[in-house]
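Follow along with me in the viewer.

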Amino acid sequence: LLRPQICISASVSKMTQPSDVAPAKQAPLCPARLILFCTNLFIGLIFSQLIPEWMDTNTYLTWKHVVKVITMFCVSYIMIHVGFEFELDKTRLASYGTEYLVAMTAAAFPWLFCAIYFMYALGADHNLPWQEALIAARFAAPTSAGILFTMLEAAGMKETWLFKKARILAIFDDLDTLLLMVPLKAIYVGLKWELAIDLVFVAILIVLMYVCLHRLNIPVTWPAIMVYSACVAGFCELVHFATHSDLTDPHDLADTVHLEVLLPAFAVGCIAKHPHGPSEPKDAMAKLSLADRIPADKVKASLSAVFMVLVGFSMPPLFNDTHDIAAHRRLAAGAPKPKMEAGYIVLHVFVCSVLMNLGKLFPAFCYRKEVNFRTRVGLAVAMMPRGEVCAGIIVNALALGITGPAMTVAVFCLAINMMMVSGFIFTVKTLAKDSSPPCAKSDSDEACAAAQPEDIKVMVSKMDALRTSVENLTARVEQLESDKASGSATTANGSATTGGTAAASPDFTRKTSAESDTCLKL
């Protein structure tokens, strides 16, 4: 009877003693993988300016197409993994409304700031009409989910509150950007039937993600994920080819349709049933497959490193466009804009860079009951990196016929922002070191308890009751051991007190059993 109770007491004592628990190992502020990704990004940006000078026009066109396809594949692979981690509690949909509102606002502020700047601050000869300004400035809205997740993971922050919150906000941020581009195109070029393809495609993906969330039992090994990524990239490229090439549409019946791989790849990860626990160990004598011989983490890290180089390669020439490739079948055409002096371009790039990052600080004023101010600012800074989605928005704007200094400023702002990614991540890492609750040490226990979620307060209450019951049980066990030792000594000496102890033992045992039942129930 006593042995299980003593074991319970010892186990809880170990649980409640902080000195017996090894502290979690802190990830380094500048891990090797993070340095590798930043270096690859810089290498890609540098070579994106040199390669056009080394190639003729036809070779350069082929090079850009190959880079585009491989980049789409890598983005698909990364976003499928992001979809694996996405969880949606359908019984708490109202809470996600708040997350989407925060993400939408964080995307709207930099977009509107830059749009107003393009409308009024570029000069009389360079200001854009409001329809063009809304599309050209949309590049400032989306956070690069692929770059953000890759860099935060490399910084060792995957299990933090900041990473989990940034993951939701970045996805909703990009989703809002992609959804809003459809009505913006309609406002600029008018209602064309090709725009309905984007709308129907997005609507089908959203329905599939909601209805089949982590229900489809398909292989999720890294070779299978590569196949899914290739299929997503191939489908989007096939739609672009079918509406772009003279071979499939010689009479120009349809304008070019651009389908981004971000949302469909994320949808594949959402509908796939992915085990989050550790995999079962394999028999050493069994023949291992390719997925077993090469760890999935190494494959993902390698593709992420390649992706960083490709993001740099995707940048258009910033200083001298040797080939001057015109857009094919633009949905709208605009007159060439006059040139702007280099000094003014530098000034506009600086101001727009400040505006597009200043607008992302909105999340710092949210989630006050969840984390402290430093962590909220870190979350806002984590939303500042831009990348593949922004580049896609710029390409779409150019395809629509929006040209001039505004697009030059947009390209420079994106390039500078990408160079600052490592600085953003280091800042986030530093700010997130202290992620304690917002209650200060001087606050009362009632105030801190009020700031905790309801389920945490219930668990704390149960743990307090369990600790009290175990302490009482331990005291009774020690008393019984003492009485037994005392009774044995008294019996050996022939004392008359043995009968009294024996008489009290049944009642004492019943009380001890009751305490044990309470402890086990808790």
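I began with Glu370, which counts as partly exposed because its relative accessibility is 42%; buried means under 20% relative accessible area, exposed over 50%, and partly exposed in between (1.4 Å probe, protein chains only).

Before going on, I noted that this is a predicted model, where local features need pLDDT of at least 70 and side-chain atom pairs count only at pLDDT 80 or more, while totals for chains, interfaces and linings use all residues. Residues are numbered from 1 along each chain as its sequence is written, and side-chain values use heavy atoms, with hydrogens and water left out.

**Salt bridges**

I looked for salt bridges (a side-chain nitrogen of Lys or Arg within 4 Å of a carboxyl oxygen of Asp or Glu) and the count came to five.

Which residue does Glu370 meet in a salt bridge? I found Lys165, at 3.8 Å from N to O. Glu370 sits in the loop between helix H13 (342-358) and H14, and Lys165 in helix H7, so this pair ties together parts 205 residues apart in sequence. Helices here are DSSP runs (H or I, at least four residues), numbered from the N terminus. Lys165 is buried, with a relative accessible area of 10%. I also saw that Glu99 joins Lys165 and Glu370 in a network of salt bridges.

Next I checked Asp173 and Lys360, whose closest N and O atoms are 2.6 Å apart in a salt bridge. Asp173 is in helix H7 and Lys360 in the loop between H13 and H14, so the pair links parts 187 residues apart in sequence. Asp173 is buried at 0% relative accessible area, and Lys360 is buried at 0% too.

My last pair was Arg138 with Asp176, a salt bridge with its closest N and O atoms 3.0 Å apart.

**H7 against H14**

How do the axes of H7 and H14 cross? The axes of helix H7 (residues 161-189) and helix H14 (residues 373-382) come within 10 Å and cross at roughly 40 degrees. Axes are lines fitted to C-alpha atoms, for helices over the stretch in contact, with angles from 0 to 180 degrees between N-to-C directions. H7 is therefore oblique to H14; angles under 35 degrees count as roughly parallel, over 145 as roughly antiparallel, 65 to 115 as roughly perpendicular and the rest as oblique.

I then listed the contacts (heavy atoms within 4.5 Å): Trp161, Leu162, Lys165, Ala166 and Leu169 in H7 meet Thr375, Gly378, Leu379 and Ala382 in H14.

Terms used: Helices (H or I, at least four residues) and strands (E, at least two) are DSSP runs, numbered from the N terminus.
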